[in-house]
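Here are some short notes to read beside the structure. Keep the view open and find each residue as it comes up.

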Amino acid sequence: MTRLPAKAHAWDLVSGSYWNSGYYGGPAPEHDVVFAGLMRAGAPTAVVGASTVSLSRAAQDAGAELHVLDFAPGILREAGEWLGLPEDRRHLVDVTGELPERLRGRYRLVVADRLVNRFSAADLPGGLRGLRDLVAEGGTLALTVRFGWYDRDRQIHDALTPAEQRLFWRPDVGEIDYAALPDRDIPLPTWGGISGQVMREHIRGRGREARFHQDELLAALADLGGLDRRDLVEATNGTALVVLRKAALRKGEHHDPA
């Protein structure tokens, strides 16, 4: 049996409990309205990140042709069952790697809630490229992002010794490393019914995650190319929604595949 990558295993640990135990981890209400306004009946729509069931439900309510993508097989399976999604609309894909050809340029709308916050600094350029390449010409990519640290980052950091803090936060690369979480008992966040040792293993397994500022993300998107920014909507919970459009090709042009 193939061993799952640590990050995928971390998400499979929480699996269906992530949305089925009283925890609401979806977009801010201000962003829910914007997402709903982008969804169209019959339009091929990809929700990248199976844990965001609220976005998938919104796409179904709008009558969109919903597809869900995730790199963790367990959470993808449970989300698909929860949503009643056919197997051919569930895609086990890591967008930081090589996309299957069948998914490239397939979707009129691609949405993700704080997905880029889960990428490592090294994975961020490839992850943004993968998200862009899912979008059809003239289609839309809508991403929510939390800039700076999460509350849990500060909570964990403050409970660590100075030596542990140096392992946990790497300002030289702009990364939090959850794998540095010590074995001793320190305060951890509670998500619905997920707590205790499962939460510790989940957070530790998430490993390195990039923490960046708004200008850094916008610069990375500009460097990527192929996307025109249409809107940036900030919410009171500290997240921002970036809406981008993938330009339609003119005759004789082609997008740089790099």
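1. Start with a term. A charge sits over a ring if NZ of Lys or CZ of Arg is within 6 Å of the ring centre and within 35 degrees of the ring normal. Keep in mind that this is a predicted model.

2. Now apply the term to Tyr-150. Which charged ends sit over the ring of Tyr-150? One belongs to Arg-146, at 5.0 Å from the ring centre. Another belongs to Arg-152, at 4.2 Å from the centre of that ring.

3. Next come the aromatic pairs. The count is three. Take Phe-147 and Phe-212, one of these pairs. Their ring centres are 6.3 Å apart and their planes meet at 70°. Planes over 60 degrees apart count as edge-to-face, so this pair is edge-to-face.

4. Are Phe-147 and Phe-212 buried or exposed? Buried means under 20% relative accessible area. Phe-147 has 19%, so Phe-147 counts as buried. Phe-212 has 5%, so Phe-212 counts as buried too.

5. Look at Thr-140 in strand β5, which covers residues 135–146. Thr-140 has a relative accessible area of 19%, so this residue is buried. What does Thr-140 touch, leaving aside neighbours within four places in sequence? Its contacts are Leu-38, Arg-108, Leu-109, Val-110, Val-135, Val-243 and Leu-244.

6. Turn to the open sheet of three strands. The order is β6-β7-β8, and the pairing is antiparallel. β6 (169–170) and β8 (208–210) are the edge strands. Each has a single partner strand, so one side of each has no neighbour in the sheet.

7. Two bridges join β6 to β7 (residues 175–177). Arg-170 stands opposite Glu-175 of β7. As a rule, strands of a sheet pair through backbone hydrogen bonds.

8. Finish with Asp-94, in the loop between β3 (90–92) and β4 (107–113). Asp-94 has 37% relative accessibility, so this residue counts as partly exposed. Which side chain does the side chain of Asp-94 meet in a polar contact? That of Thr-96, at 2.7 Å. Asp-70 is 24 residues away from Asp-94 along the chain, yet their C-alpha atoms are separated by 6.5 Å.

Definitions and conventions. Residues are numbered from 1 along each chain as its sequence is written. This is a predicted model: local features need pLDDT of at least 70, side-chain atom pairs count only at pLDDT 80 or more; totals for chains, interfaces and linings use all residues. Side-chain values use heavy atoms; hydrogens and water are left out. Helices (H or I, at least four residues) and strands (E, at least two) are DSSP runs, numbered from the N terminus. Buried means under 20% relative accessible area, exposed over 50%, partly exposed in between (1.4 Å probe, protein chains only). Contact means heavy atoms within 4.5 Å. Two strands pair if DSSP finds at least two bridges between them. Rings of Phe, Tyr and Trp (its six-membered ring) pair if their centres lie within 6.5 Å; planes under 30 degrees apart count as stacked, over 60 as edge-to-face and the rest as tilted. A polar contact is a pair of N or O atoms within 3.5 Å; within protein, one must be able to donate a hydrogen and the other to accept it, and residues adjacent in sequence count only if both atoms are side-chain atoms.
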